[in-house]
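Dear colleague,

Please find the structure below, together with its sequence. My notes on it follow.

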Amino acid sequence: MLSYNYKIFLYLMIFLFSIKSFAIDEVLDLKLSALSEDDISLIHPILIDSNTQKVVSIIPFNNEVISLHKSELEYDERRVLKNTLKTYIKRTKALLNNIKKKKLFIENIALRNEVKSTLVMNKVFMETAYEDFKYNQINTEVRYYITKYNNNPIVITRSIDTLDTLDIDLVMSNPDNIIDTRLNQTGAIKRASVENVRSIARDIRSNYPSIKHLSAYVKSPILEEWGLRHHYIAIETPNR
């Protein structure tokens, strides 16, 4: 049986060589002490309404932190997250198949390829994250940060606690929301990635004062768009 780390390596190597925009060894770092309370305050989603207009939701995001310090039997939230990942992986495969069979038709070829690449990489990251749950292993260094809207998970981030730094390891998204946001469809939920990193910063500030930095390596367009770089810009310029 392949080890967990080797499986991650294989997943990444298979897809990184197929993505031209991949940035190598670029470290994204966010110093937590530079952030004010306003910088990390809870924000509301922007939704696409039935007229394809952007509206600010009156309902804010809600967030959840799940660690792997207990087994599924002791910690039901862990089981729920496992099932969410499993469901999202299955849904992503169905969406990719629908695009292939033109049941989900995207006329613009460049946009179609972008959506497919995003879905494929998102699936890879979810499959990688799912390894944490397959054998019910205990890991005190890994935490998952989930940003939800109406209790529906929109962004899921896997992090690793490394001394004074929290490494953003994997950033994943609800596959249906990838479609909705890329195609600007009714029901799209925007700014979940911004709220996700704000929630991480709030949690660290409140519960892990020894952690001074958030960091990530840019592994793919998903991590660059949904991950720390987008959050860094959004936090530094909150009115943008």
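How many residues does helix α5 have, and how far does the helix reach from its first C-alpha to its last? Helix α5 (residues 192–207) has 16 residues and reaches 22 Å, close to the 22 Å expected at 1.5 Å a residue. The expected span is 1.5 Å times one less than the number of residues. Helices (H or I, at least four residues) and strands (E, at least two) are DSSP runs, numbered from the N terminus.

Please note that this is a predicted model, in which local features need pLDDT of at least 70 and side-chain atom pairs count only at pLDDT 80 or more, while totals for chains, interfaces and linings use all residues. Residues are numbered from 1 along each chain as its sequence is written, and side-chain values use heavy atoms, with hydrogens and water left out.

Confidence

The predictor's confidence in each residue is given as pLDDT, from 0 to 100. The protein chain averages 82, and 79% of the residues score at least 70. Confidence is highest in helix α2 (residues 76–100), at a mean of 97, and lowest in helix α7 (residues 228–236), at 39. Over residues 6–25 the pLDDT stays under 50, and over residues 220–240 it also stays under 50.

Helix α5 is largely enclosed by the rest of the structure, because 12 of its 16 residues are buried (under 20% relative accessible area; exposed is over 50% and partly exposed in between, with a 1.4 Å probe and protein chains only). Among the buried residues are V194, V197, I200 and I204.

The largest nonpolar core has 24 residues, of which L32, L166, I200, I204 and L214 touch the most other members. Such a core is a set of buried Ala, Val, Leu, Ile, Met, Phe, Trp, Tyr and Cys residues joined through side-chain atoms within 4.5 Å. Two or more residues each come from β5 (139–149), β6 (152–162), β7 (165–173), α5 and β9 (213–217). Helix α5 gives the most, with six residues. Apart from this core lies another, of 20 residues, including L85, F125, M126 and V142.

I204, in helix α5, is buried, with a relative accessible area of 1%. Not counting residues up to four places away in sequence, I204 touches L32, Y145, L166, P209, I211 and L214 (contact means heavy atoms within 4.5 Å). I204 and L32 are 172 residues apart along the chain, yet their C-alpha atoms are separated by 8.8 Å.

Charged residues

The structure holds 12 salt bridges, each a side-chain nitrogen of Lys or Arg within 4 Å of a carboxyl oxygen of Asp or Glu. One of them joins R182 and E114 (3.0 Å, N to O). This pair links distant parts of the chain, with R182 in helix α4 and E114 in helix α3 (residues 109–134), 68 residues apart. R182 is buried, at 14% relative accessible area, whereas E114 is partly exposed, at 37%.

Within helix α3, K123 and E127 lie four residues apart, about one turn of the helix. Their closest N and O atoms are 3.2 Å apart in a salt bridge, and both residues are buried. Salt bridges that share partners also join D132, R158 and D169 into one network.

With kind regards
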